Amino acid sequence: MNMTIHRRGNGFSFVEAIFTIAIIGIMSSLVVAAISNVSRDAHRVMARQQQAAVQSALTAWVMAQNRVGSTAQLRSLESVRTTYNALSTTSARFNQLIPQPTSADPNLRAGFLDQTTADHFLDYTTGTDKLKTAALDNAKQYLALPTWQSGDFPRVDLVNE
């Protein structure tokens, strides 16, 4: 009786190698997707923080507009709303928030948004109705300052493109 014993060599068979490569490919695609989502989520969080910063600056601007110059006389909210709405674009409204070094009014001179943040918006904004930054651009969003409606307070909208 002639028995031949076939010895299997060390290592993987072709099927085992293909199976291992497929598993590694699936796992790497899951990791890449998770990293991609984290990056997008980080940009969205930053966009929300920028929206909050501009909203805070806008609220401070409205409060500063309630006084007539340096007098104790107060302007009505309706009068401030009329002034705001006379600025017909988002960019014109945003420009009221940034520091204006040559202004005689100390509030306007200091601005309601810090110069670095204002410059970042100005560097990325190209149109008149979409405020952009790097984070907003990466999140495919922009900020808009819509018309101030009666009975409401001015708002900053975060808009998806």
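Predicted model: local features only at pLDDT ≥ 70, side-chain atom pairs only at ≥ 80, totals over all residues.
Strand β1 (residues 141-144) and strand β2 (residues 157-160) pair in the antiparallel sense, and four bridges join them. Within that pairing, Q141 stands opposite N160 in β2.

- K140 belongs to the loop that lies between α6 (134-138) and β1 (141-144), and the phi angle of K140 is near 55 degrees, which is a positive value in a residue other than glycine.
- K140 has a relative accessible area of 55%, and K140 is exposed because this value lies over the 50% cut-off.

**The crossing of α1 and α2**

- Helix α1, which covers residues 14-65, and helix α2, which covers residues 77-86, have axes that come within 9 Å of each other and cross at roughly 125 degrees.
- The crossing in which α1 passes α2 is right-handed.
- On the α1 side the contact is made by L58, W61, V62 and Q65, while on the α2 side it is made by L77, V80 and Y84.
- When the residues of this contact between α1 and α2 are sorted by class, six are nonpolar, one is polar and none is charged.

- L58 lies in helix α1, and with a relative accessibility of 1% L58 counts as buried, because the cut-off for buried residues is under 20%.
- The C-alpha atoms of L58 and F112 are separated by 7.4 Å, although these two residues are 54 residues apart along the chain.

**Other residues of α1**

- R48 is also found in helix α1, where R48 counts as exposed because its relative accessibility is 53%.
- R48 and A135 are 87 residues apart in sequence, yet from C-alpha to C-alpha they are 9.6 Å apart in space.
- I21 is another residue that lies in helix α1, and at 58% relative accessibility I21 counts as exposed.
- For I21 and D123, which are 102 residues apart along the chain, the separation between the C-alpha atoms is 46 Å.

**A residue of α2**

- Is S79, which has 30% relative accessibility, buried, partly exposed or exposed? S79 counts as partly exposed, because 30% lies between the cut-offs of 20% and 50%.
- S79 is found in helix α2, and the C-alpha atoms of S79 and N66, which are 13 residues apart along the chain, are separated by 8.7 Å.

Methods:
Residues numbered from 1 in each chain as written. Heavy atoms only, no water. Axes fitted to C-alpha atoms, helices over the stretch in contact; angles between N-to-C directions. Helix = DSSP H or I, 4+ residues; strand = E, 2+ residues; numbered from the N terminus. Left-handed = near helix turned anticlockwise from the far one by under 90°. Contact = heavy atoms within 4.5 Å. Nonpolar A, V, L, I, M, F, W, Y, C, P; charged D, E, K, R; others polar. Buried < 20%, exposed > 50% of the residue type's maximum accessible area, 1.4 Å probe, protein only. Pairing = 2+ DSSP bridges.
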